[in-house]
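Okay, thanks for coming, everyone.

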Amino acid sequence: MSLLITVLAFVVALGCLIVVHEFGHYAVARACGVKVLRFSVGFGTPIWTRRLGRDATEWVIAAFPLGGYVKMLDEREGPVEVADLPRAFNRQPVWRRFAIVAAGPAANFLLAIALYWGLFVHGVPGVKPVLAEPPPGTVARAVGFSAGDELVRIDGEAVATWQDARWMLLKKAVQKTAAAIEVRDAKGNIEWRKLDLSTLTKSDLDGDFLRALGLTRLQPRLKPVIGEIVSGGAAQRAGLKWGDEVVAVNAKRIDAWDEFVSIVRSHPGSPISIESRRDGAAQPTIMVTPEIVLEGGQKIGRIGAAPRVDRSDLASFMVEVSYGPGESLVRALHKTWDTSVFSLKMLGKMIVGDISLKNLSGPITIADYAGQSAQSGAAAYLLFLALISISLGVLNLLPIPLLDGGHLMYYTIEIFKGRPLSERAMEIGQHVGMALLFTLMAFALYNDITRLLVSG
């Protein structure tokens with residue numbers, strides 16, 4: 001069932017983003033008087049076609065869904081009737097060609113803004129930014145954080161949810177700077193902590209960097225009862241089922257879920273004995289070998305089980321953040337801009353080697369995130385969709401030939417030179433762009449496969 005949800009969520013997300021992106025090109029092309037011959041979602045053999053409109057534009061859904069395109073009338077791609085010459089793309093002034101090409105990424109940014117605006121108006125559920133006790137020896141423990149501290153502001157910016165705190169600190173971590181954090185302790189007193197993030201390594205940033213700092217969110221003390229089993233995981237293979245209560249692990253009594261998790265995480269690839277009860281009856285002791293998973297460059301154990309959670313237990317740890325229509329628009333614009341700039345900074349740091357290329361993700365990882373967000377609820381899925389839409393917009397604006405940004409680079413040069421680049425120069429650019437894109441795709445796919453092998 002989870003695989004079906006993952007596939008459906010990925011297909012819907014991908015289809016939506018492609019349609020929005022290509023519709024941006026299409027709408028501005030039509031507004032500029034350019035004749036559109038084909039609007040295709042996907043590449044390769046068409047599996048569905050229709051001709052619509054006064055120009056009999058061919059609307060296509062093709063077999064290979066990772067992309068799409070809008071084909072416009074162009075003398076460079078075939079003969080054009082004399083009557084249609086004014087409507088050919090290559091005959092348009094450079095500013096019109098620029099606008100048509102830029103409209104695709106712009107549509108992705110507008111989609112993200114619209115999604116964020118709707119979510120901020122409706123209300124976005126989140127986890128309260130309250131800390132658990134930092135482990136001894138961590139940076140957070142050293143600077144005075146303690147259990148029950150609520151993060152109020154980071155460098156003067158208000159923190160509403162744990163997700164907000166993670167985002168703000170991630171930006172600081174990438175820049176390797178310190179953060180001034182205002183906290184409200186368990187007694188209600190306001191205090192300040194200065195957190196140095198320059199000690200984080202590439203491996204820390206690859207994994208859970210907050211955990212590496214010693215910052216974890218306070219969670220309800222859940223009973224050690226199985227609530228969800230991952231199909232094919234170590235827990236299922238060993239015979240654990242929904243509703244089983246874990247009584248002891250390696251002969252050590254277990255009173256809470258976090259105690260169980262701690263032992264599992266500390267035994268990657270090493271068998272552990274689990275005593276449990278099912279419907280009140282003691283079950284035979286079973287042996288489970290946690291699968292080895294890399295987190296922040298370190299091996300941890302995972303068995304593919306989640307706790308049974310009572311909604312009432314979570315209520316006091318959750319918060320819903322919403323704003324008025326005007327403020328929501330301002331925040332949506334800021335969020336889209338902030339995410340776009342951060343994406344470019346991350347890409348730049350990958351190029352110079354400050355950030356690991358392991359952070360590149362391909363279609364397999366994106367599909368996995370799509371499935372996880374879809375199962376977490378509509379708000380989580382729409383937030384995921386907004387983030388991927390921004391990423392698509394940023395990617396397409398990179399000055400790489402074959403991408404929209406490559407064409408915009410050509411048009412910018414044409415504006416300054418007063419004439420288009422030569423066909424030879426553009427041909428060389430196409431080859432360079434193709435090599436760069438295939439290299440990026442190869443790295444992303446390699447990372448996807450590595451994650452699958454490590455986690456499974």
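When I say contact or touching, I mean heavy atoms within 4.5 Å. Bear in mind that this is a predicted model: local features need pLDDT of at least 70, side-chain atom pairs count only at pLDDT 80 or more, and totals for chains, interfaces and linings use all residues. Residues are numbered from 1 along each chain as its sequence is written, and side-chain values use heavy atoms, with hydrogens and water left out.

Let's start with Lys171, which sits in helix H4. Helices here are DSSP runs of H or I, at least four residues, and strands are E runs of at least two, both numbered from the N terminus. What does Lys171 touch, if we skip residues up to four places away in sequence? Asp338 and Phe342. Lys171 and Phe342 are 171 residues apart along the chain, yet their C-alpha atoms are separated by 7.3 Å.

Ala173 is also a residue of H4. Ala173 is buried, at a relative accessible area of 0%; buried means under 20%, exposed over 50%, partly exposed in between, with a 1.4 Å probe and protein chains only. Ser198, 25 residues away in sequence, is 6.7 Å from Ala173, C-alpha to C-alpha.

Now over to helix H10, residues 325-352. Its 28 residues should span 40 Å at 1.5 Å a residue, and the end C-alpha atoms are 41 Å apart, which agrees. The expected span is 1.5 Å times one less than the number of residues. Among the buried residues of H10 are Asp338, Phe342 and Met346. The buried residues of H10 pack against H2 (94-122), H4 (162-175) and H12 (378-397). Just after H10, Gly353 takes a positive phi of about 95°.

Next, the sheet. Four strands form an open sheet, in the order S5-S4-S6-S7, with antiparallel pairing; strands pair if DSSP finds at least two bridges between them. S5 (157-158) and S7 (190-196) are the edge strands, each pairing on one side only. S4 (150-154) and S6 (178-184) are joined by 4 bridges, and Leu151 stands opposite Val183 in S6.

Last stop: Glu22, in helix H1, residues 2-31. Leaving out neighbours within four places in sequence, Glu22 is in contact with Phe39, Ser40, Gly68, Tyr69 and Val70.
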